Amino acid sequence: MPDELLERLQRFHTDAFPTQRSLFRHLVDDGQHPLTLFIGCSDSRLVPYLLTGAGPGELFLVRNVGAFVPPHDQSQGFHGTAAAIEFAVLNLQVRRIVVCGHSHCGAIRALYGGVPAAAPNLAQWLELGREAVLPVAEPGPDALRRTEQRAIVLQLERLMAYPMVRERVEAGTITLHGWHYVIEDGEVHVFDVERGFVPASAAEHAGTGPYRPAPDEVSPAGHAA
Ligand SMILES: [Zn+2]
């Protein structure tokens, strides 16, 4: 029986890697300097490199069920996602943080339907999206989409409770971006603090996060705009 996974590994080494050998060599010699921390849902249909046209070395990726951000207060145990945020901001000094959810998200649906009793970690983790839930018993497609989008904004707000994130957002050295990827349309809707979620095709920027400075807070040099 052929080992399909092994064949894929071999193909990467013989076919794909040679075309990018010098890029990887550079990334090894010079180290990684990604500008973007991308916090995305683990969903297999969400492909960050395709969405952003990024290649090796460009995205520092964290993925988890729901694209959730745990609280900074360390109250809920071991947090790979929180550790990744700290590393990306303090060590890599990324310039932007993207939180990317998507349509038909199983995590958001599970907030209404529950999870198996044998999945206590999943049940606990999903609580990070609880505040986004709408007061409906049987959510339809619209309610689910709104919940997905509300959950994204909720995570942006939670990011702002990380002192190292808040400091940099307020200083204008990090921007926050909430994205909702609509799988069936192949389009990301970006969160605009004034307009809500706007399709990328109609947007004027890649997202402002909920904390764009008020005009009177903008420095004369305009860095905070
Ligand atoms: Zn999802």
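Helices α4 and α8 are oblique to each other, because their packing angle is about 40° (oblique is what remains once angles under 35 degrees are called roughly parallel, over 145 roughly antiparallel and 65 to 115 roughly perpendicular). Before going further, note that this is a predicted model: local features need pLDDT of at least 70, side-chain atom pairs count only at pLDDT 80 or more, and totals for chains, interfaces and linings use all residues. Residue numbers start from 1 along each chain as its sequence is written.

Here are the two helix pairs side by side, with axes being lines fitted to C-alpha atoms over the stretch in contact, and angles running from 0 to 180 degrees between N-to-C directions.

| Pair | Residues | Angle | Axes apart |
|---|---|---|---|
| α4 and α8 | 80-91 and 163-171 | about 40° | 9 Å |
| α5 and α7 | 106-113 and 141-159 | about 110° | 10 Å |

The crossing of α4 and α8 is left-handed (the near helix is turned anticlockwise from the far one by less than a right angle; clockwise would be right-handed). On the α4 side, E86, V89 and L90 make the contact, and M164, V165 and R168 do so from α8; contact here means C-beta atoms, placed from the backbone, within 7 Å. Sorted by class, that gives four nonpolar, no polar and two charged residues (Ala, Val, Leu, Ile, Met, Phe, Trp, Tyr, Cys and Pro are nonpolar, Asp, Glu, Lys and Arg charged, and the others, Gly among them, polar).

As for α5 and α7, they are roughly perpendicular to each other, and their crossing is right-handed. I108, R109 and L111 of α5 meet L144, T147, E148 and A151 of α7. The contact of α5 with α7 has four nonpolar, one polar and two charged residues.

Now zoom out. The protein chain has eight helices and six strands, where a helix is a DSSP run of H or I with at least four residues and a strand a run of E with at least two, numbered from the N terminus. The chain is divided into domain 1 (1-25) and domain 2 (32-217), with bounds from an automatic or database domain assignment. Their centres, taken over C-alpha atoms, are 31 Å apart. Along its principal axes, the C-alpha trace spans about 55 × 50 × 40 Å.

Key:
Contact = placed C-beta atoms within 7 Å.
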